[in-house]
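Trainee: I should like to study this structure step by step. May we begin with the terms and then proceed to the details?

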Amino acid sequence: MRFLLLFSRQGKLRLQKWFTPIPEREKKKITRDMTTMVLARKPRSCNFLHWKDLKIVYKRYASLYFCCGLDAEENELLALEMLHRYVELLDKYFGNVCELDIIFNFEKAYFILDEFLLGGEVQETSKLVVARSVEASDMLQEKQRLMEIILLFPLFFSCYHGGIHEQACILTLGEMDLHTPEGIWTITDLEVLLLYRTMEL
Amino acid sequence: MSDVVEKTLSALPSLLSLDSQAGAGKLSPSSKLGNLIKGITELTSKHEEEKLIKKELESIKEQVASPNTTMRQMKEIMVRAIYCEMLGYQASFSYIHAIKLAQQGSVLEKRVGYLAVSLFLNETDEFLLLLVNTVLKDLQSTNLIEVCMALTVVSQMFPKDMIPAILPVVEEKLTHPKEIIRRKAVLALYKFYLIAPNQVQHIHSKFRKALCDKDPGVMTASLHIYLQLIKENPESYKDLTGSMVTILRQVVGGKLPLDFNYHSVPAPWLQIQLLRILAYLGKEDQGTSEMMYDVLEESLRRAEMNHNITYAILFECVKTIYTVHPKSQLLEKAAECIGNFVLSPKINLKYLGLKALTYVVQQDANLALPHQMTIIECLDHSDVIIKRETLELLFRITNAQNVTVIVEKMLEFLRLTCDDYSTIDLVGKVAELAEKYAPDNVWFIQTMNSVFSLGGDVMQPDIPNNFLRLLAEGVDNVEDRQLRLFAVDSYVSLLQGVTAKLPQRFLQVISWVLGEYSYLREEESDPGSVMRLLARLLDQRHTSTETRSWVLGAMTKLCSSPVSVALARDVCERYSGSLNTVLRQKAQELMILSQDTKLRARVLPAEGRLESLEVDSSLSFLDGYVSEALAAGAAPYKSPHQRQEDLVQEKALSLEPYGLSLPVSLSSCSITDRLTDRRSPTLLSMSSGLSGNSTELSHQEGSTTLKLEGVKRVWGKDGYLAQQQSAGETPTPLVELPNPLLSPQSPPSQTQKPSSGLEPDQEKRQLASSLFVGLGSHNSVCLMGRAETAPRHFRRKPRGESSSGASEGSSNSSHSSRSAAVDNLLLSNLLDSTTVASEGGAATTTTPQQTSQRTLDHTTSNGNPHVEGTEQRVEAGGPLSLIRGNGMVAVVPPTHTQTDPQTQQDLHPAPALERPRDLPLASHLPAELSGLARSEFTPLCSDQDSSLALSACRVYKEDALVLLVFISNNNDSALHQMVLQLTCKELEISCISGSPLKEVKGHSVSVCLHTVVMKRASVQVELAGLLSYQRPLGQPQAAQFSLSLSLKHFLRPLTVSTGDYGKMWLSFSHDLKQNLRLVTTEHQEPLTATLDALKGKLHLHVVDIIGSEGIVACRLLQGPGQGQPCLLHCRVNADSLAVWLRSPVPELPDSLLYHCQKALTET
């Protein structure tokens, strides 16, 4: 596979991955051509196109178009399924994925893609394994942030603990921003719960 | 602190009101990125967005530059920078910080850093060099996640030159206990293989291990590498067929863990990969194909579930079945399967069905017959993609009977499409079909008119060129006259209409044809009419300068009558003052020739149109004029290339000499060119290319050769023969064609309708019968779907030697036939190639093309003792043919007669007494190497009583230098515990003999084989060897020896075209210039002699010699199919040869130059 592009119905690029080195200008041209070509397609028409010597395979999922470019000998149907598998993976990770998830967490979408495809080749077709390796990194993230928070701001947490501990329980459904000297940090429900427990111990 | 809490609390309501989806926990619209994104969505104009992003980038820039920014903040900033880049705004200032983040951040920050790096940078970016250390550190980390990230980034992008730095660590990971690491390592190595195959050459055995890995994921990953390897060289991996078949059988049989299922289909990606590998392995190989029939059948049978993924497998399976050696039963099943695709209501499947059909009708055109009605429906499909694919299919099944209908459909499509790429493609196809199968003149000309007007200026230039050649060729019989006359008539009527919409290319064609053939219609109309039309064309504003010069050229040919002369004078007056020099010159020519009837009759003889004229490509008739001018003080002529080069030297700007692309067209050829050849503009440019000195002219030549190749494919020997045969069998269907429905030749299946449920109307039936006519009836003929009869005069006639003139292509074909005979001769004469190699001293094996060229050299320079003496070709049987198949060239370096005296002796029929061991040693050469050229046997050392003797021999394989060490034991007792070590830090030595030998029995000889590759180019290297051994009842002993290997042993010719040479030249950075002495011989030009001497001694490939310049290419062995290229550009300067060397590696030009100097001084 040469590239993978995700763009919205308005032609806004949401994610781009190039598997072979391509000059910047060429990338822009391809992106432009792809969006115009694919967006011009009528619904229920063929998912395969030609662009120069490349085969283009695209599919629309809700408001988002997934579009990839293949070499001549590659299998179009398989590429279509690959796109589908990627969507499944995103869905598993975000849970009922929507375009907003990908807009706001596009780096996560990249991480998932990197676990799924490597250098343009399908790396891992097992849904479980991909999810696991992405989650492993995420869990680590949660733990690490927690430790840093605790280490950095003991005072803050004593205050937190003393002042609003009954609210901490309410927070389990959402997330909140901590206004720290370093800026605003968002901590999730899980963290708050963990924090709370850590403080109690 | 309290206000922090307050703010936190104030944020609570909004948080609680958020949808509590599972994904919402990760959504962070309140972050800075969130704000940015929200900000953008609220904007209405592109301009506002630009302003906002600019502001954002400013603030990012400020933040990244601040020393107080923590890595954590950096990570958040980087995400924003990525977002801005995705929107198309440059954030290049952040690249370096992305690398810093990857270097210094904690695991998660690192991950974002790596992601940013992989998104921001390109493989060639210098910033990447800064990443190498980080990657290396992470690869060695104990944290699995860090290792994973490093492997991921490495397989996404890594600088080619730095691969050796991390290769050992990546290699190590192949044995890592975690399968995810092993898998990623394999993929990283796959990536390395793609960008630098020679680097990973030594770990091929480890790939095999990965193939046998217990984890299916790792095994799957290794298949990527094998697919690539097998694609490049299927012969070497035939032994894997069994394993691949077994794996596929297991996968199909559901033996893999359920994890690998995709929609309950077992590992589809793996299956398809395997099917693809099997296709490469079984192609044109019956034995291998037979091994896979069973499993292919099983795959077809098992993939029955109605899901896209099973269709993907089926499609691949069908392709494999039609690629490998055919088995009728399987083919039937595959055809049935294609039917399912084609008949499917799903549009994607229909598309693939058409694709599959297109693929298979090349083998059997009848396969399209059952799907006639579907194809007709697809032809009118609302989706252009389907239409386009259908036309592709029809193109494959075109024959003389259905050509009109199919071409009409194609033109119909062309009129509607606006995509340049498919226009170019389709226009070429229409032109090809029209040329091949045109039923009559009228149709042909009309079709070509449509081609020219639709193809416009985007179409391939060879279409008009071929068309003009077709018109110009051919004997002057009634048919040809009619064709030309019809063309003229149709163009006259076109010009009488509105010409504004006609593309320039078409206008050029029109003016050439009118200029050339208007005389055919002159009796029936007034002489000035064509002239007036042309003059009108000149006046129009949209006519380009190039077209104008064509028009003026045409007028020059036409201005015979008084009316025309008057018109011509008018035109001349206007254009003789033109700012464009070409136009001005054309106008002057027109002026002079229109006034001087005698001169005109000489320059443009009316009756000489069809004769091919002798070409004096060296323009020797101008010699007198030139010498006079020189004597009068004129500056000597410099070719554009030379001028450019001088310019470079003066200004020290790197304007590359091969980068020029001055358009060489008819317009730049003066009237004298008309003398040289009047057949067609293509030939014209070629003849001028031959007379010129510049390289871009040879580019032009290159492209012409290419065109002729295309021509050969269609009009080659076979096609022509087939036509002759069928002409005897079937009467030309020319006359009774118009209504194919009534045609007696219509196939029976037309009436036996396919069992599609719907009742097609009469129109469609008719269309079907006209489309598929001629398919069923010609079972035997239409194996390729195109061996139909066609009107004879539309076929391009193969021109004989006499008419070849300046045409390279035709002379090529005549050479090849001649050289074939010579090849055979050589083959039969030189059965024992090795003896010839040793006798000849210099032996060369070449590809057939090269042989033919050389043969030509021989025939032209017959009786030239120099050539005969220094070059001797060896055609070996088995092994060589393999090399030929690869299109590679094996050149045997001459044994260096100057350096070792022993070889000198060998040159003469060796006195058997003096060198008793030579012949026995030769018999110990491994069979696979015996056909290849080799050096003499060089004695290395022997002990005092000569009970043990070591000799060496180099075998010059096309992809490697094989060093053989012969250990001759002349004693009764055996040698034990032998260990042979070869060391040299400049060389990469790998043992290729199966098992390291341990002992040598009494009175026998053992051979150790090593492949040797130079790590970096150097003039000469010393190889140190140590053989330790033990005699029974003796002490361990050792024999030391040394052997010197020179750069030239590692050089192989690099066969490139002049065009490729030019491209390569531009891309290489290291260069070197030097003057060398010229070799002078009696029989050859100094340049040719010098280059021949270099070619003979250093095995360079002479790409081209043009005038006083020659370009030469070679490569330094670096592994199979690999090599460091070095290009030489030589120019004769007075009595020395100015050589300019270029290569991607710095050392190579230096060392090569040294050898060139040495070779030339020795000559």
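Mentor: A residue is called buried when its relative accessible area is under 20%, and exposed when that area is over 50%. Please bear in mind throughout that this is a predicted model.

Trainee: What share of the residues of chain A count as buried?

Mentor: Chain A is built from 8 helices and 9 strands. Its accessible surface comes to about 8,400 Å², and carbon and sulfur atoms account for 58% of that. With the cut-off of under 20% relative accessible area, the share of the 201 residues that count as buried is 60%.

Trainee: Is Arg44(A) buried or exposed?

Mentor: Arg44(A) is placed in the loop between helix 1 (24–39) and strand 3 (48–51) of chain A. Its phi is near 65 degrees, a positive value in a residue other than glycine. Because its relative accessible area is 82%, Arg44(A) is exposed.

Trainee: Which value does phi take in Ala62(A)?

Mentor: Ala62(A) belongs to the loop between strand 4 (54–61) and strand 5 (64–70) of chain A. The residue counts as exposed because its relative accessibility is 67%. Ala62(A) is not a glycine, yet its phi is positive, near 50 degrees.

Trainee: Which helix of chain B has the highest mean pLDDT among the elements of that chain?

Mentor: Chain B averages a pLDDT of 72, and 72% of its residues score at least 70. Among the elements of chain B, the lowest mean, 35, belongs to helix 36 (residues 695–715) of chain B. The highest mean is 93, and the element that has it is helix 14 (residues 268–282) of chain B.

Trainee: Over which residues of chain B does pLDDT stay under 50, with 181 contacts beyond four places in sequence?

Mentor: Where pLDDT is low, the predicted coordinates should not be read in detail. One stretch under 50 covers residues 1–27 of chain B, for which the model has 31 contacts beyond four places in sequence. The stretch for which the model has 181 such contacts is residues 651–760 of chain B.

Trainee: Which residue is the bridge partner of Leu1026(B) in strand 10 of chain B?

Mentor: In chain B, 3 strands form an open antiparallel sheet in the order 6-9-10. Its edge strands are strand 6 (976–983) and strand 10 (1036–1046) of chain B, each pairing on one side only. Strand 9 (residues 1020–1030) of chain B pairs with strand 10 of chain B over 11 bridges in the antiparallel sense. In strand 10 of chain B, Leu1026(B) has as its bridge partner Gln1040(B).

Trainee: With the side chain of which residue does the side chain of Glu516(B) make a polar contact?

Mentor: Glu516(B) is part of helix 26 (residues 504–517) of chain B. It counts as buried because its relative accessibility is 2%. At 3.0 Å, the side chain of Glu516(B) makes a polar contact with that of Lys557(B).

Trainee: How many Å apart in space are Val342(B) and Ile375(B), C-alpha to C-alpha?

Mentor: Val342(B) lies in helix 17 (residues 328–343) of chain B, and it is buried because its relative accessible area is 0%. Leaving aside neighbours within four places in sequence, its contacts include Leu354(B), Leu357(B) and His371(B). Val342(B) and Ile375(B) are 33 residues apart in sequence, and their C-alpha to C-alpha distance is 8.6 Å.

Methods:
Residues are numbered from 1 along each chain as its sequence is written. Chains are lettered from A and ligands numbered from 1 in the order in which they are written. This is a predicted model: local features need pLDDT of at least 70, side-chain atom pairs count only at pLDDT 80 or more; totals for chains, interfaces and linings use all residues. Side-chain values use heavy atoms; hydrogens and water are left out. pLDDT is the predictor's confidence in each residue, from 0 to 100. Helices (H or I, at least four residues) and strands (E, at least two) are DSSP runs, numbered from the N terminus. Contact means heavy atoms within 4.5 Å. Buried means under 20% relative accessible area, exposed over 50%, partly exposed in between (1.4 Å probe, protein chains only). Accessible areas come from the Shrake-Rupley method with a 1.4 Å probe; for residues, only the protein chains shown count as cover. Two strands pair if DSSP finds at least two bridges between them. A polar contact is a pair of N or O atoms within 3.5 Å; within protein, one must be able to donate a hydrogen and the other to accept it, and residues adjacent in sequence count only if both atoms are side-chain atoms.
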